[in-house]
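Try each one before reading its solution.

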Amino acid sequence: EAVYTKNPSTDSIGELPGVNVVSPTWFSIVDGEGTVKSKAVKQYVSWAHNRNMEVWGLMDNSFDPDMTTEALSTFDRRSHIIKQMLAYAKQYKLDGINIDFENVHTKDKDHVVQFVREMKPLAKARGLIVSIDVTPKSNSEMWSLFLDRKRLGETIDYMMVMAYDEHWATSPKAGSVSSLPWAEQSVRRIMEEDAVPSSKLVLGVPLYTRVWTETSEAGEAKVSSKAIGMEKLQTLLKEKKVKGSLDASTGQNYVQFTEGESIMKIWMEDGTSLQSRVNMAKKLKLGGIAS
């Protein structure tokens, strides 16, 4: 549940069949001392609990690498973060804590592991689930290499694999946000190379796609993209009076059409791709699915 400035009105959320955990983005480490800022509200927790859903409050590092270095650098600072999170968990009757650290220096890898190791027993003593979000493995310094998935996997209850973006906003080449073979490979690598049990892994699925624009300038191909949600995609297809067809190589419906001099390409996120992702999670005996 992405909470940017204010919390969603629970009246307008409607039914969420199949969802048994919500994770509002409520908590952020905001300075090098380890101060945790909260946007939590009790009403949202009551709403979720009344629908038999657990609430795992998400805590991020404000995606600030230098501040993260400071905040995780000493036992006292890490303890300060943990104490605040446990106090918030008690105050808001949370069922778990989800850790979303991104954009972190590789040199802080051990401190991230240590932080999770220090938090886990204290959270467990209070009956709290501890989960962490990880990217697929890559050579990206700030987004992947700082995550020691093997050691984190030994400690946490669940690991959400954010199986996107295979092709990102500024990718030099048009392509899927998350083709099925790539998503499966991303999860398998963590199981095989880092020995994280499949039952702890949760497949992160994208509920968005990118509309790619390919143009030719002086004989050179130029590529740009725009992200849109699943609902907007369906509206666009109706407007353009186009339908996609299944692309075997990605396991997704694909559509392309022209606009003026440009070719538009979309690898669709829809019922077809989501059903395939569910099937894959079942095949690999994963712990669940997250979005």
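**Exercise 1.** What covers the buried residues of α8?

*Solution.* This is a predicted model, in which local features need pLDDT of at least 70, side-chain atom pairs count only at pLDDT 80 or more, and totals for chains, interfaces and linings use all residues. Residues are numbered from 1 along each chain as its sequence is written, and side-chain values use heavy atoms, leaving out hydrogens and water.

Step 1: find the buried residues (under 20% relative accessible area, 1.4 Å probe, protein chains only). In helix α8, residues 230–240, they are Leu 233, Leu 236 and Leu 237. These lie on the same side of α8, because they cover an arc of only 100° around the axis (taken from the directions from the helix axis to the C-beta atoms).

Step 2: look for their cover. It includes β9 (208–217), β10 (220–229), β12 (252–259) and β13 (262–267).

**Exercise 2.** Which exposed residues does the face of α8 turned away from its buried side carry?

*Solution.* Exposed means over 50% relative accessible area. That face carries Glu 231, Lys 232, Lys 238 and Glu 239. Just after α8, Lys 241 takes a positive phi of about 55°.

**Exercise 3.** Which side chain of opposite charge is nearest to Arg 149, and how many Å away?

*Solution.* Step 1: locate Arg 149 in helix α6, residues 149–155.

Step 1: Asp 194 is the nearest, 5.3 Å away, and the buried Arg 149 has no salt bridge (a side-chain nitrogen of Lys or Arg within 4 Å of a carboxyl oxygen of Asp or Glu).

Step 2: turn to the backbone. The oxygen of Leu 147 lies 3.1 Å from a polar side-chain atom of Arg 149.

Methods
Helix = DSSP H or I, 4+ residues; strand = E, 2+ residues; numbered from the N terminus. Lys, Arg positive; Asp, Glu negative; His and termini not counted. Polar contact = N/O pair within 3.5 Å; in protein donor to acceptor, adjacent residues only side chain to side chain. Contact = heavy atoms within 4.5 Å.
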